[in-house]
Number of protein chains: 2
Amino acid sequence: MKTNHKLHLMYDGTDFGGWQRQKNAVTVQGELERALSVITRNDISVVGVSRTDAGVHAYDYVANVFLDTDKDMYSLWAGVNALLPETIRLKSIEPCSEEFHARYDAKSKTYVYQIDNSGYCDVFTKRYMWNYRYPLDYEKMKQAAGHFVGEHDFSAFMSQGGTAKTFVREIYSNDFEILGDKLRMTITGNGFLYNMVRIIAGTLVSVGRGDIHPEDIPDIIASKERKKAGITAPPEGLILYRVTY
Amino acid sequence: MKTNHKLHLMYDGTDFGGWQRQKNAVTVQGELERALSVITRNDISVVGVSRTDAGVHAYDYVANVFLDTDKDMYSLWAGVNALLPETIRLKSIEPCSEEFHARYDAKSKTYVYQIDNSGYCDVFTKRYMWNYRYPLDYEKMKQAAGHFVGEHDFSAFMSQGGTAKTFVREIYSNDFEILGDKLRMTITGNGFLYNMVRIIAGTLVSVGRGDIHPEDIPDIIASKERKKAGITAPPEGLILYRVTY
């Protein structure tokens, strides 16, 4: 009999074509399902909390999967990790309620977007930060970050190609930390539109360069026009940090 | 005419045979001298603050070099970075006093040693932390760390093969931070014997496992016997963090 299991994963997305299984790309879901299939000798289909794009990372990704296995959890965990690439780690696996659904049950998600503003590109963080070499006004970026909090129609901060049918999302908090020449935005909300976090990060960079004023953010949101916001920041700076249920 | 220049570097040591130039290995000094030679069209010999071993990293490595060039500092900096591998970055280069010597003038050095005590091995830190999977008593490790502070003969914490002729060194501080399942030791002193930081880190792990008591550290130091200390912790956890002059 198949029973439901909750999984926590971590991955460095640099070398993957995103989360979602694809025919012609190595993806996190594809690697995970392959490992679970080998261990349980069954075809496996995993439900993930969200699609992450190619190059995007996850610090604490949640998934669920129905498994029919007589293995204990430790053996499953160790076996799956032995079969996964080193850049994907199964942090934990445990039995859970039959009703638990990793995507539908998510109450909030937290993403981190990191920028390395050093001129030389920090070797320790280059896989996990956008190396933006030009001068930025950090204080203005911090002011702008606060304007995203609240319930808004975020159509101006959405790329084409998403599956969303409604565009109102609530942002609970958007913290902007200045750590020397490193910048970290930590944004929590009840949901995010396609590329929303990366467009918000790109817009903060436009603010930092002086092309957009912090006080213009409410008007840009209200306009619902994608072209008024900044560019879509590159994927390497984005990390799915935490999901609550 | 050759004039003296001070350099700050950063490198991810994973793929290098250490700092020092070698015939049969790719080293940081070798790569840096090659880049500077191409740019200045001269044979170049760089003086580094210390030899770091294969696999050891540097967050802020200091070197000096005599150069005869009519290039401005920005062109030199950008040119050298264009020629260096991506895992070595020249943070800055500037003219300095003819007397400045990166090795002899160093007043203190700070090293960081990092341990990832997660069972699964964190994908974001695996190149820069020792993944030690077994349970450790963090509080005991923290107690033990404090016992290294002060002026001592550190012969018990030295590998064979070093060039030191005296074995007394002063440790100014040794902070031990517990960051979830990550551990970070930050040690500052007027100098370090060969492998000293890695043997101290290995000894803290013996303390964490219960094989050595924190209060035994003074006796182990006093014994001057290498075999009473713990193992030499692996290089990937070690970072040369800062040098003062």
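A crossing of two helices is left-handed if the near helix is turned anticlockwise from the far one by less than a right angle, and right-handed if clockwise. Keep that in mind for the helix stops below.

**Before you start**

This is a predicted model: local features need pLDDT of at least 70, side-chain atom pairs count only at pLDDT 80 or more, and totals for chains, interfaces and linings use all residues. Residues are numbered from 1 along each chain as its sequence is written, while chains are lettered from A and ligands numbered from 1 in the order in which they are written.

**Stop 1: both chains**

Show chain A and chain B together.

Now look at where the chains meet. Two residues are in contact if their C-beta atoms, placed from the backbone, lie within 7 Å. Chain A gives 14 residues to this contact, and chain B gives 14 residues. Which elements of chain B give two or more residues to the side that touches chain A? Select β1 (3-11) and β4 (88-95) of chain B. β4(B) gives the most, with three residues. Helices (H or I, at least four residues) and strands (E, at least two) are DSSP runs, numbered from the N terminus.

Colour this side of chain B by class. It has eight nonpolar, two polar and four charged residues. Nonpolar means Ala, Val, Leu, Ile, Met, Phe, Trp, Tyr, Cys and Pro; charged means Asp, Glu, Lys and Arg; the others, Gly among them, are polar.

**Stop 2: the domains of chain A**

Select residues 3-95 of chain A for domain 1, then 108-244 for domain 2. These bounds come from an automatic or database domain assignment. The domain centres, taken over C-alpha atoms, are 28 Å apart. Domain 1 of chain A puts 14 residues into the contact, and domain 2 of chain A puts in 10 residues. On the domain 1 side, seven are nonpolar, four polar and three charged.

**Stop 3: α3 and α4 of chain B**

Bring chain B back. Two packed helices are described by the angle between their axes and the distance between the axes. Select α3 (residues 138-146) and α4 (residues 196-209) of chain B. Their axes are 8 Å apart, at an angle of about 140 degrees. Axes are lines fitted to C-alpha atoms, for helices over the stretch in contact, and angles run from 0 to 180 degrees between N-to-C directions. α3(B) and α4(B) are therefore oblique to each other. Angles under 35 degrees count as roughly parallel, over 145 as roughly antiparallel, 65 to 115 as roughly perpendicular and the rest as oblique.

Is the crossing of α3(B) and α4(B) left-handed or right-handed? It is right-handed. Show the side chains of B:Tyr138, B:Lys140, B:Met141, B:Ala144 and B:Ala145 on α3(B).

**Stop 4: α1 and α2 of chain B**

Select α1 (residues 28-40) and α2 (residues 73-83) of chain B. Their axes come within 9 Å and cross at roughly 125 degrees. That makes α1(B) oblique to α2(B). α1(B) passes α2(B) in a right-handed crossing. On α1(B), pick B:Ala35, B:Leu36, B:Val38 and B:Ile39. On α2(B), pick B:Leu76, B:Gly79, B:Val80 and B:Leu83. Seven of the contact residues are nonpolar, one is polar and none is charged.
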